[in-house]
Amino acid sequence: MIEVNCVSKSYGDFKAVEGLDLVVQRGETFALLGPNGAGKSTTIGMLVGLMRPDSGSIRIDQRDPMLPTTRTMIGVAPQALAVYEELTALENLRFFASLYNDHSRIDWCLEFSGLKSRANHRVSTFSGGMKRRLNIAIAVVNSPQVLLLDEPTVGVDPQSRNHIFDCISQLQDDGMTIIYTTHYMEEVERLCKRVAIMDHGKLMAIGTVDELLERHGGDSKVSAEISNVPTGVDLPGIVNDGVLEFHSAEPLETTLRLNRAGVEFRTLNVRRPDLESVFLSLTGRNLRD
Amino acid sequence: MRILKLATKDIRLLMRDRMAAFFIFGFPVLMGLFFGAVMGGGGGGKGKGAMVVAVVDNDQSEISKTFIDELSKNDSIKIELSSRDDAMESVRKGNRTAALVVPAGFGESAGILWQPQPEIELCTDPSKQAEAGMLEGFVMQAVASLIGERFQDPNQFLPAIEQQRQALADDTTMDPVSKSLLKTFFGSLETMLANVDQLNQNEGTEDGSPMSGIQFANIKKVPVEKRTPESAESKQPKSWDISFPQAMLWGVLGCVAGFSTSLARERSMGTMVRLRASPLAQWEIVAGKALACFMATIAVIAMMVALGMFMGMSPANYLQLATVALVIGFSFAGLMMVFSVLGKSEQSVAGVGWALNMVMAMFGGAMIPAMFMPETFRKLSVLSPVRWAIYSIEGAVWRDFSWGEQLPNLLTLLAIGIVGSVIGTVILSKRKEL
């Protein structure tokens, strides 16, 4: 559905995207994960036809996204709240629908975003979460085949975030192809099957979440409060103020072996590797640095 | 069609922004009413906004009284008879616009060809030069009218000839040849005036005026040099005719300022991404903005014309006024395009836009009517699109321009619109800001 072939884009001397290769299948939800400045938004901009790559090519359903006819099959929810605050939710939806000459989905969009009861209220009176939902609703008012969501949950409360996740799940069920950019790894783990990790405009790794964790996640981290350590038992990590901390590829087996050897545990915490760990492993720094 | 949808959306957004809507639709109304009232509007005749002129009649003749009566018929002047000292003092203190001294002997010499013309002293408040200029015109008008009446009534003129003939006879210093020539001239003039009634009955009946067949060139010798504008003779402008065209331009400038920030606002809000991600072409987005500015400009001009007419403005040529409005809409939409590229943020575009608007308004006559500006400023005003716009509206409202006279204004405004559109669009596309 989406093919990105060796795409590069620079702003002056700054290389925003460098040699990016991606293929996204129809109906897939694909994540672009990376810190601010990684090149995610530039990639989205090229996918939606806002800018032409300096080199390489992008095809959506084998068509150039710069063409107006291709853009009719794309929906985008920009990172900034791209809504007219002085218009009502209904007026916003009507206006953007009119650009596609397709008013058939306006009611559906209001239902979908849970804004039907506020349809005739000005957007300026909405909460941050409601605005975000409207931002997504406008992106799907033209029944797109490809949906580009650029950081769709920035600055929203947990309740609204869950509502947005529900909306996206509904779109996934409808078979929509979604590209989702974020720097929240838990969103990726929850919503996306495959992930591309970007940093400084380059693709660092690509694969399913499990594949990336297996390849780059490293060992699980165990921390446990211990109350009794029999003499002669060799602990795998460091004990500090009665708290044992160690890394292990098989954390449960290691803990069980220690318990059998007579080590008594008051509390036990096992933290599996996550995409944060993957990013740390790949770049040497945290995702939110 | 999508351009129209874009424009409609922008106008709706503008109307929801109360401050912007006020500057486009409310402020011009206030300006029109304020300046109209200041310049003597209100339609209430004397007293309301009329120039108060202290008149000193040192002649006290029938002719001088007729002259003062003639002057007092003008709705823009309120006459107060006064002594010379009081008159001068009141002007010095700013209580009266001007003092007018009718000299002794005015009745004997005014309009008499062979005598030096009487010097009417006109003392005006230096801070009211505009009114002084208008007053000179009105004085000229009254004297001209007086002379006309004098010639129309031989009974008023014959005693003056008899008096001069007597003075000639008493003069011992004049050489005999000159005396003889003047005697002959007075005789001829007396004969002509004695036959005026007969002449009128035989020939001078074209317009019903008893003197329409006789032209007296000496009317031009009235010692008031300045004349009111030529077209004002055909249609005397009311204060609303002057104040509303200039006030309309404040609304037009409000449109320019409001819509020039619109592109920057779309960028800062992120909606530009959505517009560009839609099937819209770039030119359609730009054209949508220009169309919104054009429509708002037409709306504000139409509103001001309607309100102006309600107040007493009476356009001389409606078709011409409609054409002028369309051309002004196009011209200032083009200017809006240039303004929109003068800054990158909404704030910078708004700041630069209003600064330029103020300069254009100052030199263009939107603050003070160009007709009241000093000569230097009036010459500079041709650089301001506002001047061309006001001038063209005035041409259709009260200057009574023919289409030929209006054409240079319309062409200038069209040129401004075309150049502005091209510059704005080229810079926007080069900056890749759309």
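## Strand E6(A) and the cysteines

In this predicted model, Ala77(A) stands opposite Leu149(A) in E6(A). The pairing behind this contact is parallel: strand E5 (residues 74-77) of chain A and E6(A) are joined over 4 bridges. E6(A) also runs parallel to strand E7 (residues 177-182) of chain A, with 5 bridges between them. Within that pairing, Val146(A) stands opposite Thr177(A) in E7(A). Between E6(A) and E7(A) the chain passes through helix H6 (residues 158-173) of chain A, and this β-α-β crossover is right-handed.

| Partner of E6(A) | Sense | Bridges |
|---|---|---|
| E5(A), residues 74-77 | parallel | 4 bridges |
| E7(A), residues 177-182 | parallel | 5 bridges |

Strand E6 (residues 146-150) of chain A is mostly covered, with 5 of its 5 residues buried. In a regular strand, side chains alternate between the two faces of the sheet. On one side of E6(A) lie Val146(A), Leu148(A) and Asp150(A), and on the other Leu147(A) and Leu149(A); all are buried, so both faces are covered.

Turning to the cysteines, the count of disulfides over all chains is 0. Cys293(B) is in no disulfide: the nearest cysteine sulfur, that of Cys255(B), is 5.7 Å away, whereas a disulfide requires the two sulfur atoms to be within 2.5 Å. Cys293(B) is buried, with a relative accessible area of 0%. Cys192(A) is likewise buried, and its relative accessible area is 6%. Both values count as buried because the cut-off is under 20% relative accessible area.

Note on methods: Residues are numbered from 1 along each chain as its sequence is written. Chains are lettered from A and ligands numbered from 1 in the order in which they are written. This is a predicted model: local features need pLDDT of at least 70, side-chain atom pairs count only at pLDDT 80 or more; totals for chains, interfaces and linings use all residues. Side-chain values use heavy atoms; hydrogens and water are left out. Buried means under 20% relative accessible area, exposed over 50%, partly exposed in between (1.4 Å probe, protein chains only). Helices (H or I, at least four residues) and strands (E, at least two) are DSSP runs, numbered from the N terminus. Two strands pair if DSSP finds at least two bridges between them. A crossover is right-handed if, with the strands pointing away from the viewer, the path from the first strand over the helix to the second runs clockwise.
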